[in-house]
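Have the sequence and the model open as you read.

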Amino acid sequence: MDFEELIINMGPQHPSTHGVLFLQLKLDGEVVVDCQPHIGYLHRSIEKIAENRTLVQFVPFTDRLDYIASMNNNVGFCLAAEKLLGISAPPRAQYLRVIVAELNRVASHLLAIGTFAQDLGAYATPLFYALRDREKVVQIFDQLCGQRLTYDYVRVGGVSGDLPPGVDQLIRDFIAYERRMLAEYHDLLTGNVIFCARSRNIGVLSKEAAVNYGVTGTNLRASGVAWDVRKDEPYLVYDKFDFKVITGQKGDSWDRYDVRMREIEESLKIIEQALGGLPEGDPVAKVNKVFRLTGETYMRTENPRGELGFYLVGDGGPLPYRLKIRAPSFSNLSVLPYLVRGLNISDTVCVLGSLDIVMGEIDR
Amino acid sequence: MNYPWMALLFLVVKGVCILAFFAVNAMFLIWLERKVSAKIQNRLGPMVTGPHGSLQLIADTVKLLLKENIVPTEADRFVWWLAPFFVAVPTVAAFLCIPFSATWIVSDLNVGILFICSITSLCVLGVFMAGWGSNNKYSLLGGMRSAAQIISYEVPLLLSVLVVIMEAGTLSMQGIVHAQEVGWFFLKPNVLVAFLIYLISATAEVNRVPFDIPEAESELVSGYHTEYSGMKFSMFFLAEYANLFIISAVAATLFLGGWLGPWRPSAVWFLLKVYGIIGFLMWVRWTLPRVRMDQMMAFAWKILTPVSLINVLVTGWLLVIKG
Amino acid sequence: MEQTPGWVTLGKDALKPVVAFLKDGPGAFISLHCLTGVDRKEAVEVVYHLYSFEHRVMLTIKVILPNADLTIDSITPLWAAADWLEREVYDLLGVRFAGHPDLRRILNPDTWTDHPLRKDFKMAGVVPKPVK
Amino acid sequence: MFTKINDMVSGFVSILKGLAVTGKNMFRKPVTIQYPFEKPAMTARFRGLVDLYPEKCIACSQCVKICPTAALALETTTNPQTKKRAAAVFTYNGELCCFCGLCQEVCPTAAMYMNKCYEVAYYAHDDLTKIDLLKADKYAHLAPPKVKEQKT
């Protein structure tokens, strides 16, 4: 008998490739022999665009990198710019940035959990619950900056607007609400026998491999490396808050899910503390300032998906000479072929979902 | 009076009734599923066409009927065209032996339950034909998964049905219902176990979550019916919901006393039980994730089959003791 | 903790042995955090950001490649993370990494011929005027 | 999947727990609305289409300079008597706009603002790419959205 490997083209249009990812799977029966990701379907050359925009003009483009966590991108870019310019935002703006970044982390993790469950075949229900809860965050952002997805809220040297009246109460309500809802997620997914059977011991990423592949963020922590930029290289005012760095034990898909679940709780804690200690002052930054960029800097921040780095080079003019965006999903995705070799199609989808990638950031 | 003529006329009327029920029931179930899922997910569901979207099913049907029938160029035409019929026809045929009430049954075969079990198993042939004929890798994987799944779950399914047959001492559907006049079967512990096994394996048999592996949207796009559109797709769709009705109806008849109830009309009792089971299966569908292929096979062969074998043994032993 | 303010410039032949030492030596720079390139018109800088979890230090290494010879040793054998990052630098800046197992374009289509992040790349379409 | 009896039992219980969660949610109020018939109120800071009070505009072209996507184009005329500049042609390309709100922030006279229109639909491509900001009724055909009252 003659056996032949089956090559299956998963994507760019496929229900569970999280955007326009194209995976070329070589199958032996249903077992993946080789996996070749092809990326670039969403390439907009944002790094080139950055060379033709001033810092203020570029902030809206950072929204379009990791569109699930726009606030974190805003914060990361503005911090990189401020580091290069040697300025810092007023304290109130720093606190507001922490609040919005953590709120967006909660929203992003919720969506990651929802889509992961969807990839495991839980028909849309966890995803809808996640979207329902994320909607509350989105509505807070809508009041805060007037948009629901591409916020453009954080500015170089501050933020675009102060907290409108009533919004701090909305955030407090959300924290209380989300804590109640997390218990439901735990009941629905965390202990569920099918969910565990599908995700435990699937796609185990060892500590060494995770570091070697440049995996960062929740995926790295799930592998057992207690590394969080917020804790270990604090930026903004993260050193003033009390929170834990969550780690997993094995680095399997379930651990990656679990780390996200527990990080939501930590983020809620941070938001609560930041709201409590919000200093007075004017956080709003003028937008029509012209900055001269000289020298170069590298700034990384902890995004929901991993470490987002901006390598900003100036040549004395108002435009960046070069901007490299070190996208966390890019490195996180590059580990996929290593993880899925030997698993079957269902597990491939599970591993991909647990890595939580966003194509807007990978392709840039 | 020409009796053979009358008999033929009756047969035609019954056939038309069954076909009408087949279609209307499937449409109702689709609407119900959409509403149940919406409720569970804190959504509204279909609301626009008719009160609470109750006419949505008609709009959907018209849409499906008017859709273009796209045939993939590389498809195995003959197999591809035949597949939907292989799925739909056995499903309609299975309705023949379902007792809606003491008198409402098209044909009370004396091997009724055997007939239903065997004719619904034919569906797998259609599913595999669809998977093969589409000449699509996703469909092929879906078809192969389906074949493996249905064949393995047939065993615990039949073994759990066997328990009821032993208790009732008959294969006729009406006979089984009458045997429950003294007490519904699921009240007996051994039959309760059989009931659970039946529900699990029947869910697998009709490819519903958590055993919807052949369709597995997040993996195989749509599985075996990826390439189907229009009327052909709707035949798969109708058959899916008709199958759901059949397994629930069989469960209601075998374990929950069929049309038996405290007062008349008995068909209402039957439908109440059936839609209750369907509602429960929908609830399960919108809650649980999907199991993996190998896990599912292991579950069938390592857990369900041994347990149902032991159950059959225990039932036989109990019957011998009772004499 | 402050990240390193400056950088180290290495010759292109020295790069691979030096980073291999940095990785396995007492510095324990086990993480290749970022790998990128900057087009300096007459030359291309390849920039490596190495990180040591043990010492909490980020080290920036630069290798300056003249336009005439844009080749450098690949460090993919040392870090799997370098695989895609080197492909990206090749795709966007045209630097060739000798010894890379699979040096293909990663973001642009395979049929693309130019390297978009080079300063002499001709852009089509709308480019707003920079602020004076 | 199941190795021991107590695994089986706890697995069964976990499934029941999940069913309880979805069952509970079945009786919650839906969070969605029947969109085209029922519309959400826009927040006070909502950034819809770019709009202009022509009488306030001093044609300083700051908005044109700051726009990251070059969606605005302004041609000015100078009044020979008063030496005041005024906008002669002011077009807005709704297709390029990324709704970042920089133009309204940069405007010194608050002439430029973003209205609350979010249902942007045009029959002709040019209608969207060449919106004349100086015309008073430029968005007349778009439904005016509701605006949420700001709590004080």
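Chain B has twelve helices and zero strands, where helices (H or I, at least four residues) and strands (E, at least two) are DSSP runs numbered from the N terminus. Its pattern along the sequence is simply α-α-α-α-α-α-α-α-α-α-α-α. How compact is chain B? The radius of gyration of chain B is 20 Å, close to the 20 Å that the globule rule gives for 323 residues, so chain B is as compact as a globular protein of that length. That radius is taken over C-alpha atoms, and the globule rule is 2.2 Å times the number of residues to the power 0.38.

Before going further, keep in mind that this is a predicted model: local features need pLDDT of at least 70 and side-chain atom pairs count only at pLDDT 80 or more, while totals for chains, interfaces and linings use all residues. Residues are numbered from 1 along each chain as its sequence is written, and chains are lettered from A and ligands numbered from 1 in the order in which they are written.

Back to chain B: the C-alpha trace spans about 65 × 55 × 45 Å along its principal axes. Of its 323 residues, 50% are buried (20 or more other C-beta atoms within 10 Å of a residue's own; 12 or fewer is exposed, in between is partly exposed, and C-beta atoms are placed from the backbone). Take the contacts in chain B between residues at least 6 apart in sequence, and 79% of them join residues at least 24 apart; a contact here puts two C-beta atoms, placed from the backbone, within 7 Å.

**Who touches whom**

Five pairs of chains are in contact, and chains A and D share the most contacts of these. In that pair, 27 residues of chain D meet 28 residues of chain A. On the chain D side, helix 1 (5-26), helix 2 (62-66) and helix 3 (102-106) each give two or more residues, and helix 1 of chain D gives the most, with eight residues. By class, that side of chain D has 13 nonpolar, nine polar and five charged residues. For these classes, Ala, Val, Leu, Ile, Met, Phe, Trp, Tyr, Cys and Pro count as nonpolar, Asp, Glu, Lys and Arg as charged, and the others, Gly among them, as polar.

Chain D also touches chain B, in a contact that takes 15 residues from chain B and 14 residues from chain D. Helix 1 (3-40), helix 11 (266-285) and helix 12 (293-322) of chain B each supply at least two residues of the chain B side. The largest share, four residues, comes from helix 12 of chain B. The chain B side divides into ten nonpolar, three polar and two charged residues. Chains B and C, on the other hand, do not touch, and their nearest C-alpha atoms are 25 Å apart.

**Helix packing**

| Helix pair | Angle | Axes |
|---|---|---|
| Helix 4 (residues 91-119) and helix 11 (residues 253-276) of chain A | about 155° | 9 Å apart |
| Helix 4 and helix 14 (residues 345-355) of chain A | roughly 180° | within 8 Å |
| Helix 1 and helix 11 of chain B | about 45° | 10 Å apart |

Angles under 35 degrees count as roughly parallel, over 145 as roughly antiparallel, 65 to 115 as roughly perpendicular and the rest as oblique. B:Leu29, B:Glu33 and B:Val36 of helix 1 meet B:Ile278, B:Gly279, B:Met282 and B:Trp283 of helix 11. That contact has five nonpolar, one polar and one charged residues.

In chain A, helix 4 is roughly antiparallel to helix 11 and passes it in a left-handed crossing. The residues that meet include A:Tyr95 and A:Phe116 from helix 4 and A:Tyr257 and A:Leu275 from helix 11. Their contact has 17 nonpolar, two polar and four charged residues.

Helix 4 and helix 14 of chain A are roughly antiparallel to each other too. A:Thr115, A:Phe116 and A:Asp119 of helix 4 contact A:Val349, A:Cys350, A:Gly353 and A:Ser354 of helix 14.

Definitions and conventions
Axes fitted to C-alpha atoms, helices over the stretch in contact; angles between N-to-C directions. Left-handed = near helix turned anticlockwise from the far one by under 90°.
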